[in-house]
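Hi,

Here is the structure I promised to pass on. Have a look, and my notes follow below.

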Amino acid sequence: MRQTLRLGIMGGTFDPIHYGHLVTAEEALAQFDLERVVFMPTGRPVAKSHQRVTSAEERFLMTVIATAPNRDFEVSRLEIDRPGATYTVDTLEDLHREHPDAELFFITGADAVWEILTWKEPERVASLCRFIAATRPGYDLSRFMESRNGRLVEEKVEFMEVPALAISSTDIRRRVADRRPIRYLVPEAVAAYVHKRHLYAGGAEGV
Ligand code: NAP
């Protein structure tokens, strides 16, 4: 019988969530033998304080709609309910308190992991989890190894190529603004929600 709970935490803004995210989580589940993946929509992303971000509640709802059919996926309100700016270190501390014996795998895009040394308390973050950094095909990994975060990356980051990450939230927002289709890029119910709530219709860069 397995001793340690292996828990995936899928961190992202999810503005909106798309099939690239869902494939990433499913692939991480299988490749790293995770018990489940908890999607963690960011509350107030610090790195995006100068950008327009859809409300946390709308992003949370779209994440719930998208993940509902998968029994191995859950969605957490932890970050959107925590007051103040969202820091991953606080989230990992909370999860560590809740599951002291679990092994935490923080799954996100490689470009976000690249910035890790700019995050709040990066060493503490790295002590609380392993990273699964999802890359699009053709992504250049050499910069990670050559950079000053090389040691941290070597010890703590696993890279996972996800062809479906050719889909991006930025492209989806632009498509909606340009009245182009998003069908087959996001789950049908998410597309319906985006149109019903008139999300992204007001401008191509509604991050
Ligand atoms: P981002 O800069 O919006 O995204 C960077 C790249 O990664 C984009 O190409 C994005 O594609 C992709 N990506 C983002 N989340 C992904 C996921 N879960 N799976 C696969 N690809 C993903 O990143 P972000 O959303 O702001 O931040 C990502 C995570 O890092 C969040 O959990 C955030 O809280 C955390 N973070 C923490 C700190 C801190 O603690 N100081 C600072 C920065 C980020 P799409 O646009 O298509 O998603």
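Just after helix 9, Arg179 takes a positive phi of about 60°; helices here are DSSP runs of H or I with at least four residues, strands are E runs of at least two, and both are numbered from the N terminus. Before you read on: this is a predicted model, where local features need pLDDT of at least 70 and side-chain atom pairs count only at pLDDT 80 or more, while totals for chains, interfaces and linings use all residues. Residues are numbered from 1 along each chain as its sequence is written, and side-chain values use heavy atoms, with hydrogens and water left out.

Back to helix 9 itself, residues 169–177. Its buried residues are Ser169, Ile172, Arg173 and Val176 (buried is under 20% relative accessible area, exposed over 50%, partly exposed in between, with a 1.4 Å probe and protein chains only). They cover an arc of only 100° around the axis, so they sit on the same side of helix 9; the arc is that of the directions from the helix axis to the C-beta atoms.

In the loop between strand 1 (6–12) and helix 1 you'll find Pro16, and the peptide bond joining Asp15 to Pro16 is cis, with omega about 5°.

The segment after helix 10 holds His198 and also Tyr200. His198 isn't a glycine, yet its phi is positive at about 55°; Tyr200, also a residue other than glycine, has a positive phi near 65°. Which of the two is buried, and which exposed? His198 counts as exposed, at 62% relative accessibility, whereas Tyr200 counts as buried, at 7%.

As for the whole protein, it has 10 helices and 6 strands. Its radius of gyration is 17 Å, close to the 17 Å that the globule rule gives for 207 residues, so it is as compact as a globular protein of that length (taken over C-alpha atoms; the rule is 2.2 Å times the number of residues to the power 0.38). The C-alpha trace spans about 45 × 40 × 35 Å along its principal axes, and 48% of the 207 residues count as buried. Of the contacts between residues at least 6 apart in sequence, 77% join residues at least 24 apart.

Cheers

Key
Contact = heavy atoms within 4.5 Å.
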